[in-house]
Amino acid sequence: MALMSLGAAVYSYFSTPTARPRPRRCILPFRAAASPAALDRRRRPQNVAGDFFVGEQSKIQLLFLFLQQQELCLTAARCLPFHGFIPSAAPRRPPLHRLPDLPMDGAASVAWLWLTLPSRAGMQEVFKRVDGKAAVAAQPNSEEERTKALQALLSCPTSSIHTEKPPKDMLKVQNMFPLPIDDNLLPGIYLCGYNSEDSYGATSYLVIHPQGNILIDSPRYTPKLANNIEKLGGARYMFLTHIDDVADHRKWTEQLKCKRIIHSGDVEETTADVEWKLEGNGPWNIGTDFELIHTPGHTPGSVCLYCKPLKVLFTGDHVANSEESDDLNLFLMYSKQSVSLQLESIRKLLEVEFEWLLPGHGYRIKYKDVQAKNAAIESLLANYTS
């Protein structure tokens, strides 16, 4: 009921006179209790004693997801390469299930979780980096912290967060997804959670809109998440920012009957059946409130989605912020095209009046105003051209 009532509120917000008229292994929705047979779930010795722990082995060295709800930031898991990684960057390589022979370098764990309040006071860090890898540094000591830890467990694409005992409150946490980012500042924009390893742990979003909801990039398919999305009105469109983050797009379109969108520059065998293939340089529109902006560089078919009423830009892997600072970063070592082309795409964003940047990988960014956004972009351009 809460999800349906929020959807109605979002409809009221947007309804203005102009706006009306690949094979992959099965991942169970619950993957908690450790057992001798679970060879990939041995507890890292760096974990503190208690229920939650990060497993000893994984296929990924440092994998980040970013689940942010209001001022609470959940960071759990994003794909990085095994050697010479750059934080907050999505590697250009085949899907993980095709890499069983890559070196593990010992205990290659994944995923830590930051739990922060605006004041950063009174909230301990549950997951943090220990000896260069993720571990549980402090067990959750409140219901809120436990809930956030379970959200991270469900969303970790490599199933690296576990509990000693099956959580009795797991169903309650499953029913929280999709998570609203901020009901006041960003009404109708949700984090889907359930990040997929086939999308390198990328974040998927759901946007509620009276002209049809939009699912942005593909979360891991689960019946529970699909049911919750349907309660919010389903999805009319599934917008795929680029080829790396398509994951379970076929399962989602079969379940939700949504029309998929991708640029023709990123059409491969896995996306050949997508219903709407964007041609040329755009821009294109979805209804009256959404504009699609071609931003090649990371891939030939990378496209950003601009939500005009809320001044939000969904960037996929085109641009994000660095883990070490608030500076924007292109992570060019993972780009498929030239630096000059990607910088040209960045310059396009100077003409887009967004104040929120919601990336596929990394923290979301709220700028004070369009001028502050442009200053950040100009600084990025200067960093790469000086």
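The following dialogue explains how several descriptions of this predicted model are reached.

Biologist: How many helices and strands does the protein have?

Modeller: The protein has 7 helices and 21 strands. Of its 386 residues, 59% are buried.

Biologist: What makes F177 count as buried or exposed?

Modeller: A residue is buried when its relative accessible area is under 20%. F177 has a relative accessible area of 0%, so F177 is buried. Y194 also stands at 0% relative accessibility and therefore counts as buried.

Biologist: How many aromatic pairs are there, and why is the pair of F177 and Y194 called edge-to-face?

Modeller: The count comes to 3 aromatic pairs. Ring centres within 6.5 Å make a pair, and planes over 60 degrees apart make that pair edge-to-face. The ring centres of F177 and Y194 are 5.4 Å apart and their planes stand at 70°, so this pair is edge-to-face.

Biologist: Which parts of the chain does the pair of F177 and Y194 tie together?

Modeller: F177 belongs to the loop between α3 (170–174) and β7 (179–182), and Y194 to the loop between β8 (186–191) and β9 (205–207), so the pair ties together parts that are 17 residues apart in sequence.

Biologist: How do you know which kind of aromatic pair Y221 and W252 form?

Modeller: Their centres lie 4.8 Å apart, with 65° between the planes. Since the cut-off for edge-to-face is over 60 degrees, the pair of Y221 and W252 is edge-to-face. Y221 is in the loop between β10 (214–216) and α4, whereas W252 is in helix α5 (residues 249–256), so the pair ties together parts 31 residues apart in sequence. W252 is buried, with a relative accessible area of 0%.

Biologist: Which residues of helix α4 are buried, and what puts them on the same side of α4?

Modeller: In helix α4 (residues 223–231), the buried residues are L225, A226, N228 and I229. They cover an arc of only 165° around the axis, which puts them on the same side of α4. In general, an α-helix has 3.6 residues a turn, so residues three or four places apart point the same way. Just after α4, G233 takes a positive phi of about 110°.

Notes. Residues are numbered from 1 along each chain as its sequence is written. This is a predicted model: local features need pLDDT of at least 70, side-chain atom pairs count only at pLDDT 80 or more; totals for chains, interfaces and linings use all residues. Side-chain values use heavy atoms; hydrogens and water are left out. Helices (H or I, at least four residues) and strands (E, at least two) are DSSP runs, numbered from the N terminus. Buried means under 20% relative accessible area, exposed over 50%, partly exposed in between (1.4 Å probe, protein chains only). The arc is that of the directions from the helix axis to the C-beta atoms. Rings of Phe, Tyr and Trp (its six-membered ring) pair if their centres lie within 6.5 Å; planes under 30 degrees apart count as stacked, over 60 as edge-to-face and the rest as tilted.
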